[in-house]
Amino acid sequence: MPHSQSHKQILDNLTGAVLVLDDQLCIQYMNPAAEMLLEATARRLKNRPIEEWLSSSEDELAVLRQSLASGHPYSKREARLVTQTGQELTVDYSVNPIPEAGILLEIQARDRLIRIEREEELLTRHASARVLVRGLAHEIKNPLGGIRGAAQLLDRELDREELHEYTRIIIDEADRLRHLVDRLLGPHKLPVIEVVNIHAILEHVCSLVTAEVGGRIKIVRDYDPSIPEFQGARGQLIQAVLNIIRNAMQALEEAQTPEPVITLRTRALRQITLGAERHRLVCALEIIDNGPGIPAELADTLFYPMVSSRAQGSGLGLSIAQSIMNQHKGLIEFTSEPGCTRFNLFIPLELSHDASR
C-alpha cells in the first residue's frame, strides 16, 4: 500500500478530528471524525475559509497565520467552534505547521468529553441504585407475604365482626406494599422484541394523552421521517415515553402554566457515543414542555427510585423509563430551566439490542 494511502487510512480511522489547511487556512482534508464534529462533509467544506467554521476572532486567526509563517506549533484551550448547523461547541485544538503544505489541525471537543463522562456517571449511578433497590425490594417482599398470611389466618379465627376491619386493613396495606415492590422490581415477563417504528409509538402515546387531557395541553409534533424502524420492545418503549409525557402533563397542570405545550421532536444522529459505547446511528427523541422546570436540588437524583419533584408523585416513572432505555442500550438525559424542560431519549438503531436483559 502506498505511504500516502496508508497515512490517509490511519487518519480516517482516528476518533479525534484532524484537518489539513493550506497556506490560506482553507480546508484541504478532513477525516470522518472532523466531518462529524463540524456536521458537514469534506466535499462541502473544501477550500472554505477557516473563519466560517472555527472562529471569527481576528486575534485567534492572527495567531494561526503567525504559526503558519513561523513554523511554530501551538495549542488553544476552550476555543469556540460553530458547526455548519449553527451549533456552538467548546473545543481544544493543536496547530502543527507542515512545511510547504499548510498546517495540521487536531480538534478535541470538550463538550462531548464532558457529556461522555456525565453519561458514564449517570449509568453507573443508575445501575448501583437499581441493584440496591432490588435487594431491598426482595428483603421487604419476603416478610410481607408472611404478614399477609398471618393476617388471613387471624381473620378466620376472630369472632367479633368489628375486629375483622383491622385484619382487612393489614391485608390491604400488605397488598399495597407488595404492588409497590413489584413496580420497583420491574416487569416479571420478558418483553416481546419486534420491529418497531418510533413515530407509531409516539402516535399511540399521543392518543392516550389526548384522551386524558382533552385540549387543555397542546401537543406539537416535529418528526424526522428518515428514522428507520428498529428492534425493540414496543410495550416497554410506550411505557417509557408515556411516563415522561405524563410527568410533563402533571407539572404543567399543577403549575397552571398558561398556554401549556409539549413538543415531541425526533432526529437521527450519527456516530454518537452513549456511555462508553459508540453507535453508528441513534434515534434522538426530545420531549419538551414549557412548565415550571425541575428543582436544581433534584438534578443529580431525578432518575433514582422514589425521587419526585411533585408532592403526589411516586418517583418511579423516570426510574422505570431509564431502565427501559438502558435495556435498549440507550439513555435518557435532561436539561431544565423555568419555561423549558427537555428530556432527551437516545435509542441506538443497530440490530444488536438485548432488550430482554
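Are Tyr74 and Tyr93 buried or exposed? Both are buried, where buried means under 20% relative accessible area, exposed over 50% and partly exposed in between, with a 1.4 Å probe and protein chains only.

Before going on, a note on the source. This is a predicted model, in which local features need pLDDT of at least 70 and side-chain atom pairs count only at pLDDT 80 or more, while totals for chains, interfaces and linings use all residues. Residues are numbered from 1 along each chain as its sequence is written, and side-chain values use heavy atoms, with hydrogens and water left out.

Now the rings. A pair of aromatic rings is described by the distance of the centres and the angle of the planes. Rings of Phe, Tyr and Trp (its six-membered ring) pair if their centres lie within 6.5 Å; planes under 30 degrees apart count as stacked, over 60 as edge-to-face and the rest as tilted.

How many aromatic pairs does the structure hold? It holds two. Tyr74 and Tyr93 make an edge-to-face pair, 6.3 Å centre to centre with 75° between the planes. In the Phe334 and Phe343 pair, the ring centres are 5.5 Å apart and the planes are at 25°, so this pair is stacked. Phe334 is buried because its relative accessible area is 19%, and Phe343 counts as buried at 7% relative accessibility.

Last, the cysteines. Searching the whole structure gives zero disulfides, a disulfide being a pair of cysteine sulfur atoms within 2.5 Å. Cys26 counts as buried at 12% relative accessibility, and Cys206 counts as buried at 3%.
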